[in-house]
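Come along and look with me.

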Amino acid sequence: LEIYARIPEGSRPHLCRSRAVTTPMLVGLLRPILVLPDRTYSPEMLRGILCHELTHYQRGDIAYKWFAVLVTVLHWFNPITRLFRTELDRACELACDEKLLRNMNAAQKQTYGELLITLAAERSLPRSVVATSFAIEKRNLKERLVQIMTYKKRGRASLALVLAVLLLLT
């Protein structure tokens, strides 16, 4: 609770521990709850987990995931909806990682990557659970680790170049 209170964020979801989960996750659309597995954590590990899940909370990723479930339910017969949901999960995790990496130095990136490996070694969530989770499918782990180790901040010049190219294409 001390580490959770020290994180300088706006409003926060409720925090609880549970023996029923194996990976940290954010669940609930209207009243989100950050659920941690009932185990011991180092302060660095706990800070990484909390920052990750709070980033999902701030970005509203849980709402996107519920939208994907709604689309999947309405178009249950369409195989593309399963691909849509998988890609949305992947994009949410990569975008969350990227936001966190903006403020990390090399040592913090390494610690974050090690945390990903530690949590991915445990069982991940079944697809039926609608939640944001720190430990996604193991097949996407390599992509996330490569992003962590090769991430570079983009300057204003690169942003201007991208906008100019988009404007030209439009």
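This is a predicted model: local features need pLDDT of at least 70, side-chain atom pairs count only at pLDDT 80 or more; totals for chains, interfaces and linings use all residues.

**Entry 1: the elements.** I began with the secondary structure, and the chain comes to seven helices and four strands. I then read the order from the N terminus on, which is α-β-β-β-α-α-α-α-β-α-α. I also looked up burial: of the 170 residues in the chain, 38% are buried.

**Entry 2: confidence.** The mean pLDDT of the chain is 79, and 79% of the residues reach 70 or more. Which element has the lowest mean pLDDT? I found that strand β4, residues 131-133, has the lowest mean, 53. Strand β3, residues 33-37, has the highest, 90.

**Entry 3: the nonpolar core.** Next I looked for the largest nonpolar core, and it has 13 residues. I noted the residues with the most contacts inside this core: L34, L36, Y41, M45, L46, I49 and L50. Which elements each supply at least two residues of this core? My list reads α1 (2-6), β3, α2 and α5 (106-120). Helix α2 gives the most, with five residues.

While I was at helix α2, I also checked L54, which lies in this helix. L54 has a relative accessible area of 1%, so I wrote it down as buried. I then looked at L54 together with R12: the two are 42 residues apart in sequence, yet their C-alpha atoms are 7.3 Å apart in space.

Entry 4: I turned to the second largest pocket, which has a volume of about 150 Å³. I listed its lining as L1, Y4, L15, C16, R17, L36, R39, Y41, L46 and L50. Two elements give two or more residues to this lining, β1 (14-18) and α2 (43-59). Strand β1 supplies the largest share, three residues. What kinds of residue make up the lining? I found eight nonpolar, no polar and two charged.

**Entry 5: salt bridges around D38.** I searched the whole structure and got five salt bridges. One of them joins the side chains of R17 and D38, at 3.4 Å from N to O. I placed R17 in strand β1 and D38 in the loop between β3 and α2, so I had a link between distant parts of the chain, 21 residues apart. R17 is partly exposed at 48% relative accessibility. D38 is partly exposed too, with a relative accessible area of 40%.

D38 also forms a salt bridge with R19, where the closest N and O atoms are 3.4 Å apart. Is R19 buried or exposed? R19 is exposed, with a relative accessible area of 76%.

**Entry 6: a bridge between helices.** I then looked up K65, which forms a salt bridge with D89, the closest N and O atoms being 3.3 Å apart. K65 lies in helix α3 (residues 61-74) and D89 in helix α4 (residues 80-101), so this bridge ties together parts 24 residues apart in sequence. Why does K65 count as buried? Its relative accessible area is 8%, and buried means under 20%.

**Entry 7: one more look at helix α3.** I62 lies in helix α3, and I put it down as buried because its relative accessibility is 6%. I checked I62 against C92, which is 30 residues away along the chain. Their C-alpha atoms are separated by 9.3 Å.

Technical notes. Residues are numbered from 1 along each chain as its sequence is written. Side-chain values use heavy atoms; hydrogens and water are left out. pLDDT is the predictor's confidence in each residue, from 0 to 100. On a 1 Å grid over the protein atoms alone, a cavity is a set of points where a 1.4 Å probe fits but cannot get out, and a pocket is an open set with protein on both sides within 12 Å along at least five of seven lines; lining residues have an atom within 4 Å of a point. Grid points are joined across faces, edges and corners, and a volume is the space filled by probe spheres set on the points. Ala, Val, Leu, Ile, Met, Phe, Trp, Tyr, Cys and Pro count as nonpolar, Asp, Glu, Lys and Arg as charged, and the others, Gly among them, as polar. A salt bridge is a side-chain nitrogen of Lys or Arg within 4 Å of a carboxyl oxygen of Asp or Glu. Buried means under 20% relative accessible area, exposed over 50%, partly exposed in between (1.4 Å probe, protein chains only). A nonpolar core is a set of buried Ala, Val, Leu, Ile, Met, Phe, Trp, Tyr and Cys residues joined through side-chain atoms within 4.5 Å.
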